[in-house]
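Good morning, and thank you for coming.

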Amino acid sequence: MFNKIIDALFFFNRTPQDHYSALKRNIIIIMLLITTLPLATMIIINYFQYKSHLRNQIIAPLFAMADKTRHSFDLFLDQRLAIIRFISTTYNFEDLSNEQNIKKVLISIKKEWSGFVDIGLINGQGDLVSYAGPYSLLGKNYSEQLSFQETQIKGHYISNVFLGFRKYPHIVMAVQHLTDDGQTWILRATIDTDFFDSLISSMGLPRQTDAFLINRDGILQTNSLYYGNTLEKCPLELPRVNFKSNSIEGIDDKNQAIFLVASPFSIASYILVIVWPQSVALQSWYALKTEMIIIFFISLAIIIFAVLKMTHVLITRIKTSDEHRENVLTELQHAQKLSSIGRLSAGVAHEINNPLAIINEKAGLMSDLIELSKDFNEKTKFIELTDAILNSVKRCKKITHRLLGFSKRIDIKIEPININHIIHEVLDFLEKDILYRKIEINLLLSESLASIHSDQGLIQQILVNLLTNAFAAVEEYGRVEIETHNLTDGRIILKISDNGCGIPKDVIKNIFDPFFTTKKEKGTGLGLSITYGIIKKLGGEISVSSKPGEGSVFSIELPDKPTELEVNNE
Amino acid sequence: MNNQHINILLIDDEIEFISTLAERLEIRGYTSKIAEDGESGIRMLANESFDIAILDLMMPGLNGLDTLRQIKTIDDTLPVILLTGHGSTKDGMEGMRLGAFDFLMKPLDINELLQKIKLALSESQKGGHE
């Protein structure tokens with residue numbers, strides 16, 4: 001299944017150009033997917049992990065702060081309740097009914113404890129019996145009020161905040177007292193809420209953070225920085241709280257994302273609320289997020305660049321190697337074609353040679369007989385005719401021998417050969433070309449040239465290739481020089497020089513490279529790489545020196561015997 | 001030198017060729033005998049004395065080089081001129097190594113052949129005297 005997908009992606013029958021661009025496209029897509037998917041996955045996972053981690057880190061201190069502050073509030077209220085309770089147990093109903101006494105009590109607790117505004121005594125029927133404080137409440141009946149009823153049931157009561165005298169926010173605390181004879185009375189005190197504000201401001205809240213108290217109906221019990229003043233309705237939605245602190249993330253009335261922690265009082269029906277705008281709380285997170293995004297996009301850019309570059313290099317390499325393979329194939333086909341032609345012509349030449357030998361002898365005999373016979377009519381004519389036949393046979397002989405000499409052999413046959421002799425043969429073969437192009441051939445062949453062991457056919461091929469190149473390099477009336485002489489150790493050297501166009505420097509260093517072609521040379525002969533290969537096979541060396549515009553010299557050194565091939569042949 | 005006394009053995013499977021060549025040699029005064037293959041050539045050589053042998057290298061049955069080897073075992077001094085239809089000189093060279101006097105390419109140039117025969121005979125005579 002996977003293989004099928006791969007095949008579908010990479011193997012298709014279209015034009016070569018389509019093939020390469022499709023290959024390129026698919027490699028790019030696959031490499032990008034393979035490299036960016038894990039990166040993106042990692043970034044996404046990291047994103048959410050960091051986010052939840054940071055959120056916890058941000059909310060945890062808020063929780064702690066809320067709990068601590070709420071505890072302070074609880075402690076304060078509890079203390080005040082304890083004071084009232086202490087008074088109720090220290091004094092009896094009669095003591096407190098006396099206005100002088102109750103005023104004394106108020107003065108002494110005001111001296112010791114902050115926040116107390118007034119104090120009042122209520123009997124079991126809800127009537128305010130005595131009162132010390134700035135209001136004139138004496139005689140007021142509380143029996144119908146919720147606070148009275150709640151105090152009767154719970155034993156104590158803490159009210160919501162209300163605006164009292166001088167428009168200051170206050171709360172009311174009440175404690176029930178049971179006498180030994182079963183009578184019940186209530187001591188009631190009003191306390192201002194300055195302490196609330198000072199406690200909140202001592203919390204050490206982070207910047208732009210709001211903290212305030214609300215009651216269970218959502219009415220503000222203290223002033224809030226952003227969400228209204230005391231006794232106004234708080235616009236925020238609160239989480240459900242019963243006994244434990246709780247938090248939510250939400251949006252406030254100004255459409256700002258916020259963290260909200262709510263902590264309920266155990267002693268009163270207040271809730272401490274801390275509100276922290278997310279934009280402030282998450283500043284470090286936003287910085288991290290930005291860094292992550294920047295890193296992601298930089299990595300992405302590097303990956304894309306690398307993938308594109310690598311794919312380009314890869315495709316170029318594939319393309320070049322395909323082209324090289326094609327060139328080599330073409331050369332191979334060409335060589336095989338030449339080899340087939342060689343074998344065919346050798347066969348034909350051999351078959352023709354025998355009848356040619358017979359014609360030669362028959363015509364020779366005719367000529368002999370005519371010469372021996374007495375004069376007869378047209379004798380000279382006959383002699384001319386037989387001579388013409390013999391001459392034609394000679395021409396044919398030359399052709400068949402040339403063809404046979406050039407028969408290509410697939411197996412290398414090492415035999416003693418004379419290079420000078422082969423040079424003459426090859427020049428005979430190229431005679432037409434030389435004449436047609438009016439090339440001057442200078443032969444500087446050593447008469448004492450040692451014969452070497454090599455393959456005649458291959459040496460012929462080398463000579464044909466190099467001479468064809470030399471002829472191509474020179475213009476009409478150009479000069480090609482062939483030189484041979486002995487070296488030490490039975491080696492010989494063969495030099496082919498021309499006065500042609502020469503070879504540029506950048507080409508010369510690659511000239512024997514097995515895969516090197518200059519486009520304009522395409523299709524002219526077997527190429528120098530094959531010549532190089534043959535010379536190497538025969539244990540020889542080839543070198544070239546050239547000056548552009550002045551000509552080139554190819555020097556070939558051949559050993560007495562090609563060492564590598566000796567074993568194969570014997 | 002009188003050609004009449006010179007007995008030439010021609011060994012070649014191509015009868016049209018060899019018979020005509022024999023006739024041409026006889027016109028020039030030589031005595032020539034024809035053998036159509038290597039075996040009969042060797043047989044003839046065993047029964048009769050020849051001054052020189054002309055041997056084709058390309059023959060069916062016993063080939064030219066093997067025939068040459070056997071000739072040399074019978075008469076080491078007999079000069080042998082080899083004929084070859086091949087462009088390759090390899091067999092010719094091998095023949096030379098085995099003791100042939102020279103080798104010529106088919107189709108023959110009659111004058112070249114006559115010259116080689118004379119040369120071979122004069123050399124063998126020299127050798128004989130020594």
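**A covered helix in chain A**

I begin with helix α14 of chain A, whose buried residues are covered by elements including α12 (456-473), β16 (541-547) and β17 (551-558) of chain A. Please keep in mind throughout that this is a predicted model.

Which residues of α14(A) are buried? In this helix, which spans residues 528-537, they are L528(A), T531(A), I534(A) and I535(A). Viewed down the axis of α14(A), the buried residues fall within an arc of 120°, so they line one face of the helix. After α14(A) comes G539(A), with a positive phi near 80°.

Let us turn to the interior. In soluble globular proteins, nonpolar side chains tend to be buried together. Here the largest nonpolar core has 58 residues, and the members that touch the most others are M173(A), L260(A), L272(A), V273(A) and I274(A). Helix α2 of chain A, residues 16-90, gives the most to this core, namely 8 residues.

Consider I274(A) in particular. If we leave aside its neighbours within four places in sequence, I274(A) is in contact with L62(A), M65(A), A66(A), T209(A), A211(A) and V261(A). Another core, of 35 residues, lies apart from the largest one; among its members are A35(B), I42(B), F50(B) and L57(B).

**The sheet of chain B**

Next, chain B. Its 5 strands form an open sheet with parallel pairing, in the order β2-β1-β3-β4-β5. Which strands stand at the edges? They are β2 (31-35) and β5 of chain B; each has a single partner strand, so one side of each is left without a neighbour in the sheet. From one strand to the next, the twist averages 20°.

Strand β1 of chain B, residues 7-11, pairs with β2(B) in the parallel sense over 5 bridges. Within this pairing, L9(B) has K33(B) of β2(B) as its bridge partner. Helix α2 of chain B, residues 38-47, lies across β1 and β2 of chain B and runs at about 160° to β1(B). Helix α3 of chain B, residues 64-74, also packs on the sheet, where it touches β1, β3 (52-56) and β4 (80-84) of chain B. The direction of α3(B) makes about 160° with that of β3(B).

**Where the chains meet**

How many residues does each chain bring to the contact? Chain B brings 19 residues and chain A brings 21 residues. On the side of chain B that touches chain A, α1 (15-27) and α4 (90-97) of chain B each supply at least two residues. The largest share, 7 residues, comes from α1(B). By type, the residues on this side of chain B are 8 nonpolar, 5 polar and 6 charged.

**Backbone exceptions**

Most residues other than glycine have a negative phi, and most peptide bonds are trans.

E378(A) has a positive phi, near 65°. It is found in the loop between α8 (283-372) and α9 (379-405) of chain A. Is E378(A) buried or exposed? E378(A) is exposed, because it has 10 other C-beta atoms within 10 Å, and a residue counts as exposed at 12 or fewer.

D489(A) has a positive phi of about 60° and sits in the loop between β14 (479-486) and β15 (492-498) of chain A. With 7 C-beta neighbours inside 10 Å, D489(A) also counts as exposed.

Lastly, K106(B) and P107(B) are joined by a cis peptide bond, with omega about -10°. P107(B) lies in the loop between β5 (102-105) and α5 (110-129) of chain B.

Notes
Residues numbered from 1 in each chain as written. Chains lettered and ligands numbered in written order. Predicted model: local features only at pLDDT ≥ 70, side-chain atom pairs only at ≥ 80, totals over all residues. Helix = DSSP H or I, 4+ residues; strand = E, 2+ residues; numbered from the N terminus. Buried ≥ 20, exposed ≤ 12 C-beta atoms within 10 Å, placed from the backbone. Pairing = 2+ DSSP bridges. Axes fitted to C-alpha atoms, helices over the stretch in contact; angles between N-to-C directions. Contact = placed C-beta atoms within 7 Å. Nonpolar A, V, L, I, M, F, W, Y, C, P; charged D, E, K, R; others polar. Core = buried A, V, L, I, M, F, W, Y, C linked by C-beta atoms within 7 Å. Arc of directions from axis to C-beta.
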